[in-house]
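Hi there,

Here is the structure I promised to hand over to you. Have a look at it first, and then read my notes below.

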Amino acid sequence: MEVTSRYVTIKHHITGSPKQSDFEVKTANLFLSLDTGSNDVLVKNLYVSIDPYQLNRMKEYSASQMASEYALAVLPGQAINAYGVGRVIASANPSYIKDDMIVGLIGWEDYTLVRGKDVIMIRKLDSTEFPLSYHVSALGLSGLTAYGGFFNVCKPKKGETLFVSAASGSVGNIVGQYAKLFGCYVVGCAGTKQKVDLLTDKLGFDAAFNYKKTTDLNSTLKRYFPDGIDMYFDNVGGEMLEAAVANMSMFGRVAVCGVISEYTDAKRRAGPNMTEVVYKRITIQGFLASDYMNDFGDFLSTTSDHIQNGRLHVIEDISHNLESIPLAFEGLFAGDNIGKKIVQIADN
Ligand SMILES: NC(=O)c1ccc[n+]([C@@H]2O[C@H](COP(=O)([O-])OP(=O)(O)OC[C@H]3O[C@@H](n4cnc5c(N)ncnc54)[C@H](OP(=O)(O)O)[C@@H]3O)[C@@H](O)[C@H]2O)c1
């Protein structure tokens, strides 16, 4: 027996901001009977993650395309793998049986055939104590990115100051919440009043501002951090990174998680004042969530505990249907999402 699987693909390489018209939905047929001994697993996809880094895979060239064999360049017409949650519908792998729930690398498609060699990229979800979508957001790679970047790259000390950009987004909101729980002074920036209010009124940030209403980022940051920024968690790059570096304290740390403002504009580059970097002995370090896979167990138990005890809010922005993936993706670069952007492809 076969299943017909729809998948989202690009029509051509993308430069600049992605538009819905850059994408199309195609179909493929997949066999339900898997070859014995192949170790393959066939998954019906329920929730998939919508992430800014996918844009770099869709370009003709980006440094990101060499970073991992699981995030290679996407060619026009190809299926696009992505993190998500699904249900096993057929298995030739002794570790999985029909109806197991899994989380890991699936795709922007109805069904994913996870090849035996790639089964290491999924894991069984044993617990039903949280909504499934949480395993794509706070308990998934967005959470791990926040955890690894904040604790390992920012290297916080209690009482220090943190600035985080794209602070209401998937990674940013969790960074700010970890930092508050750790005992830091936290300021975030975001692109609308609604997002700014969420940060201060619900998530406990000490302060937040709308960077789109700010004419002088440098003096705005000076006002929020009169004694300097000890840690800057950078999600956007560009002028924000320049202004943050200009306001860092001695021995400040910049965790460069992503530079979304540069993904859509090949000419935009941050030019931080390197004299500040030298004399203040600032550390600027890029990192990937995958650098911290060994911390996944600690991350999961700590974060689950925070959520269960009401100390950490999970902020998600879920759209429905596979066809909505291009719009959801386009929206990331226009600031449409609040919290983790996820598309629910199927109910069960
Ligand atoms: N290093 C890693 O392993 C890793 C893992 C995950 C994510 N990341 C990176 O982390 C960053 C955030 O990712 P996310 O998944 O958490 O996305 P997100 O913050 O949930 O969504 C993107 C947000 O970025 C903001 N934005 C979009 N265009 C912008 C621009 N030109 N200038 C300033 N802000 C802009 C928008 O919020 P506003 O309304 O606030 O503008 C938008 O809602 C991205 O750079 C991403 O590539 C890195």
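Before more details, two words on the source. This is a predicted model, in which local features need pLDDT of at least 70 and side-chain atom pairs count only at pLDDT 80 or more, while totals for chains, interfaces and linings use all residues. Residues are numbered from 1 along each chain as its sequence is written.

Back to the two helices. Two packed helices are described by the angle between their axes and the distance between the axes. For α5 and α6, the angle is about 45 degrees and the axes are 9 Å apart (axes are lines fitted to C-alpha atoms, for helices over the stretch in contact, and angles run from 0 to 180 degrees between N-to-C directions). That angle makes α5 oblique to α6 (under 35 degrees counts as roughly parallel, over 145 as roughly antiparallel, 65 to 115 as roughly perpendicular, and the rest as oblique). On the α5 side, the contact is made by Leu-217, Asn-218 and Leu-221, and on the α6 side by Glu-239, Met-240, Ala-243, Ala-244 and Ala-246 (contact: C-beta atoms, placed from the backbone, within 7 Å).

Which residues of helix α6 are buried? They are Met-240, Leu-241, Ala-243, Ala-244 and Val-245 (buried: 20 or more other C-beta atoms within 10 Å of the residue's own; exposed: 12 or fewer; partly exposed: in between). These buried residues pack against α5, α8, β8, β11 and β12.

Val-236 sits in the loop between β11 and α6. Why does Val-236 count as buried? Because it has 25 C-beta neighbours inside 10 Å. Leaving aside neighbours within four places in sequence, Val-236 is in contact with Ser-165, Ala-166, Val-259, Ile-260 and Ser-261.

Finally, the whole protein. The domain assignment gives domain 1 (2-137 + 315-344) and domain 2 (141-290); such bounds come from an automatic or database assignment. The domain centres, taken over C-alpha atoms, are 29 Å apart. Each domain gives 18 residues to the contact.

Enjoy exploring!

Technical notes: Contact = placed C-beta atoms within 7 Å. Helix = DSSP H or I, 4+ residues; strand = E, 2+ residues; numbered from the N terminus.
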